[in-house]
Amino acid sequence: MEGNRRNAGNGNGANRCGDFLMAGIRKRRIVGTKIAASSPAHRRSLLKRLKGSLGYADQRLYTSRQFQEGSNKYEEFFCYNENEEGDEMVGVDGEPKGANLFKDISINMTDFVMERQMGNVKNLISLQPRVMGETFQSQSDMPCGLMAMSHLLTNQILQEKPIKVENLNKVFCSQWLSDRQVIFGTKCNKLMVLDVQTKHMTQIPSLAPSPRSLPPDSQCGIHSIQINPSRTLLATGGKNPNDVAIYRLPTLDPVAVGEVAHQDWVFALSWLDDEFLVSGSRDTSLSLWRVPEESPSSYPEQKISSSSSIHRRNSATSSASTSFSTRNEVVPSYSYINAVATKEVISLCGFEYNSFDLFSVACVSLNGYIHIWSAEKFTQKFSRKLPFSMENVCLAVHEDYGLYAVGSKSHTSLMDARTIQCVKKILSKYSGFGIRSTNFYSSLLSIGTGQGTVMFYDLRAGKYLESNVNSARSATLKSSTGWTYPDEEIIMDVYRQKYTPAIYTHCVDMSGTRIFAAGGPLPITLCGNYIGLWH
């Protein structure tokens, strides 16, 4: 049987597909019940007998979670029952609450074939291989935007236009609003709109919460900006970093503030559709929000405090190519909304919604796991250990190819969205600084690093995009230094290395001919920013 499984994996994508199908087949008992060794009491008794005959190092090994759970698959994959709700989560056979061991699942090909004959394996079409296969578009069928982007990158035509801005600290997130406007959020909790043609910047007032919303102990800024599918609403952080602010597009009028659900910083946002939104916080909670269709007019207008506004600067302190202004002096009325539901996740860092025939929300946590939640039931389905456990801080989804891209300290891992198995490990060309942002544009994966570079990986070719100017180098974008405080020379003296900003966010415009990249210093103790437009 093992030989048959190995032979089955030689086909194009058959191994991944087979593993997923077999992983979904429950074992059918023929006679009897579970053996005594499968019970938690038997495992604890066995552990107690073994500890007396083991040395100190072996005791540490066998008292680890992997041994206590009784399976070497615990550290890699575990699933959750559909009836698990909040604090009442109970595992299979009454095991401790939390993740239930995925031990009633068969990985035998014979069980899979029998289940398929009985009609219990459905949706076979959606399980056909779509990654690294022949179903990718040929060069002649490549979209015009991708062809333009590839041509500009491989021939090194894109030129950087740095935008010097002072008194803004670390740009964490960004989105293109139109062909000439980019909106971005900073660590100093400022929401800015940049006109890429005139270089004029406008600050959008942060939405204040109601008195019942308590801010966290410290500020962290805006970490996420997301636009709904119809591009009529924009979600981002509020004046309190544990709130969610909703604006209407294209006018950026305030709609609502979601509050009370989170106790700590909001790290990630994702729209499920035009009405429902999911937010994730550092307090390990996920919240589901429903945005009202119309903003009620019964709430009073909110005045802008002088500390949250940026007035137009004089020529002595501002850049020659950049100007600032506040959007309005009075914020129109908006509503305060509560979360529809709130659930707990371990060490949440970021997540994305995948609507491609799966309707799942993927969450990446700092303990090195990716968690899959059902968007329809808002329940956790299963989790899998990521290939690399250090600094998994960014996540992107490609709905057409069914891929997740998870950035870590040294690699970018491509995960199959159907099986949550790693199909490709992309080594960073600048190791040691980490992957700070990832984005998909058609069959190109763009990777922002902590050393001021944006790399491009061709999913069809399975390698980094090569330069036509210098065949020995790949097509990359190298950023300038931006603005820092203290200045660059002091940083070089303290850290004994050349300063380069981290690319915390980058996005491609609708035409595929311009890239907005932004970030700031990688050390948490340094202040500064980098904003650049490549066109």
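**Exercise 1. Find out whether Cys422 is buried, partly exposed or exposed, and how many disulfides the structure holds.**

Start with Cys422: its relative accessible area is 28%, so Cys422 is partly exposed. The scale calls a residue buried under 20% relative accessible area, exposed over 50% and partly exposed in between, with a 1.4 Å probe and protein chains only. Before going on, note that this is a predicted model, in which local features need pLDDT of at least 70 and side-chain atom pairs count only at pLDDT 80 or more, while totals for chains, interfaces and linings use all residues. Residues are numbered from 1 along each chain as its sequence is written, and side-chain values use heavy atoms, leaving out hydrogens and water.

Next, count the disulfides: there are 0, where a disulfide would be a pair of cysteine sulfur atoms within 2.5 Å. Cys527 is in no disulfide, and its nearest cysteine sulfur, that of Cys188, is 9.0 Å away. Cys527 is partly exposed, at 33% relative accessibility.

**Exercise 2. Describe the aromatic pair of Phe172 and Tyr504, and work out which strands the pair ties together.**

First, the rule: rings of Phe, Tyr and Trp (its six-membered ring) pair if their centres lie within 6.5 Å; planes under 30 degrees apart are stacked, over 60 edge-to-face and the rest tilted. The structure holds 6 aromatic pairs. In this one, the centres of Phe172 and Tyr504 are 5.3 Å apart with 85° between the planes, making the pair edge-to-face.

Then place the residues. Phe172 belongs to strand S5 (residues 171-176) and Tyr504 to strand S35 (residues 502-508), so the pair ties together parts that are 332 residues apart in sequence. Helices (H or I, at least four residues) and strands (E, at least two) are DSSP runs, numbered from the N terminus. Finally, check accessibility: Phe172 is buried at 16%, and Tyr504 is buried at 15%.

**Exercise 3. List the buried residues of helix H7 and say what covers them.**

Helix H7 spans residues 144-154, and its buried residues are Gly145, Leu146, Met149, Ser150, Leu152, Leu153 and Thr154. Strands S29 (435-441), S30 (444-449) and S36 (515-520) are among the elements covering them. Just after H7, Gln156 takes a positive phi of about 55°.

**Exercise 4. Which strands stand at the edges of the open sheet of 5 strands?**

Begin with the order, S9-S10-S11-S12-S19, with mixed pairing. Two strands pair if DSSP finds at least two bridges between them. Strand S9 (226-227) and strand S19 (335-337) are the edges: each has a single partner strand, so one side of each lacks a neighbour in the sheet.

Look at one pairing in detail. S9 and strand S10 (residues 233-237) run in the antiparallel sense over 2 bridges, and Gln226 stands opposite Ala235 in S10.

How values were computed. Contact = heavy atoms within 4.5 Å.
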